[in-house]
Amino acid sequence: IDRAPDFFALNPLEGDRWKVAVVDGPAGNPVACVATAERRAWMHGRPMTMVYAGDLKVHPDFRDTRTADSLERFVTETARAAAGDSTPVLLTVLAGNIAMERRAAGPRGLPKLHRFATLDSYAIPLLWRRAIGDAPDVQVECANSRDLDEMADLWGAIARTRQFTPALDADGLARWIDSAPGLEIDDYLLARDRRGRLLGFVGMWDQRALKTLRVLRYSPMLSMLRGVITVVAPFVGAAAPPDVGAPLHYASAVHLCVPLDRADVLRALILAAYDRLRGSDRIFLNVGLDAREALSSALRGLLATPTAIH
């Protein structure tokens, strides 16, 4: 992940008040960092202040307990200053990150980490053309600024049932979109029923203005698959996987707002996004869902590959 040209461009989107802490090495250059962001989010049906912690990175040559512990204590102190000792702190840990899993027990007086959910981050390859949808009662259209009030109303109704979901009204949603590089209101797709009632929505965000995935190497299996796709791609209108060292472009679902019992609505949105993105230079569409919820059935048959995040 390459965060050039501005490492800090992502932080204001994480929360209204944010900080980045670094640990300097012997030469004065940063060898470790962590970020915190204070935000209002829904918890147990009401908005409250919480802190999101991320970007905990330590250079391999400095992965001692002292360096990482100091960053963890910084997060704790920041949360306490935000709203007291009871401020909830949310962080995500990639499954298989043994170093972070060892920290969950709270060694050396550090906070204990409790896993309460697992997210599946699905990568949906944008290959051949697919039928737009099998839900005739759901129509998908692009959003515009006149839809923001309606979007915010639906967001408020669904978000209050989901832990740690940002508390956003129409003005807050508009400000967030305006401040997100590479994201516009017409990047959002709206699903409506035949009467025009809003059923759900999702944004498709190309984040290359904030960060770029760069291919360092392909495994032998992926090298073979890449060779096949490179040959087939021109005939099906898909983008070929990049060379080693080149950027891997994709789009991420943002502000996914769909009732838990409407997998058909999510599928209609995903298929519409798939059709809109296919043929561009994006290789895949990334969609994150709670591993326990039924909405994942919307991705059947799309060759979606999940990565677990705790």
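How many salt bridges does a search of the whole structure find? The search finds 24 of them, a salt bridge being a side-chain nitrogen of Lys or Arg within 4 Å of a carboxyl oxygen of Asp or Glu. The model is a predicted one, in which local features need pLDDT of at least 70 and side-chain atom pairs count only at pLDDT 80 or more, while totals for chains, interfaces and linings use all residues. Residues are numbered from 1 along each chain as its sequence is written, and side-chain values use heavy atoms, with hydrogens and water left out.

One of these salt bridges joins the side chains of Glu-38 and Arg-17, with 2.7 Å from N to O. Glu-38 belongs to strand β2 (residues 30-43) and Arg-17 to strand β1 (residues 17-24), so this pair ties together parts that lie 21 residues apart in sequence; helices (H or I, at least four residues) and strands (E, at least two) are DSSP runs, numbered from the N terminus. Glu-38 counts as buried because its relative accessibility is 18%, whereas Arg-17 counts as exposed because its value is 52%. Here buried means under 20% relative accessible area, exposed means over 50%, and partly exposed is in between, with a 1.4 Å probe and protein chains only.

Another salt bridge is formed by the side chains of Glu-72 and Arg-103, again with an N to O distance of 2.7 Å. The pair links distant parts of the chain, since Glu-72 is in helix α2 (residues 65-83) and Arg-103 in helix α3 (residues 98-103), 31 residues apart. Both Glu-72 and Arg-103 are buried.

The side chains of Arg-192 and Glu-150 also meet in a salt bridge, at 3.0 Å from N to O. Arg-192 lies in strand β8 (residues 188-192) and Glu-150 in helix α4 (residues 148-159), so the contact ties together parts 42 residues apart in sequence. With 10% relative accessibility Arg-192 counts as buried, while Glu-150, at 30%, counts as partly exposed. Elsewhere, salt bridges that share partners join Asp-69, Glu-72, Arg-103 and Arg-108 into one network.

The aromatic rings come next. The whole structure holds 6 aromatic pairs, where rings of Phe, Tyr and Trp (its six-membered ring) pair if their centres lie within 6.5 Å, and planes under 30 degrees apart count as stacked, over 60 as edge-to-face and the rest as tilted. The ring centres of Phe-7 and Phe-8 are 5.6 Å apart and their planes stand at 85 degrees, so this pair is edge-to-face. Ring pairs link Phe-7, Phe-8 and Trp-18 into a cluster. Phe-7 is partly exposed at 26% relative accessibility, as is Phe-8 at 42%. Arg-3 lies over the face of Phe-7, at 4.1 Å from the ring centre; for such a contact, NZ of Lys or CZ of Arg must be within 6 Å of the ring centre and within 35 degrees of the ring normal.

What of the cysteines? The search finds 0 disulfides, a disulfide being a pair of cysteine sulfur atoms within 2.5 Å. For Cys-142 the nearest cysteine sulfur, that of Cys-257, is 17 Å away, which is too far for a bond. Cys-142 is partly exposed at 40% relative accessibility, whereas Cys-257 is buried at 1%.
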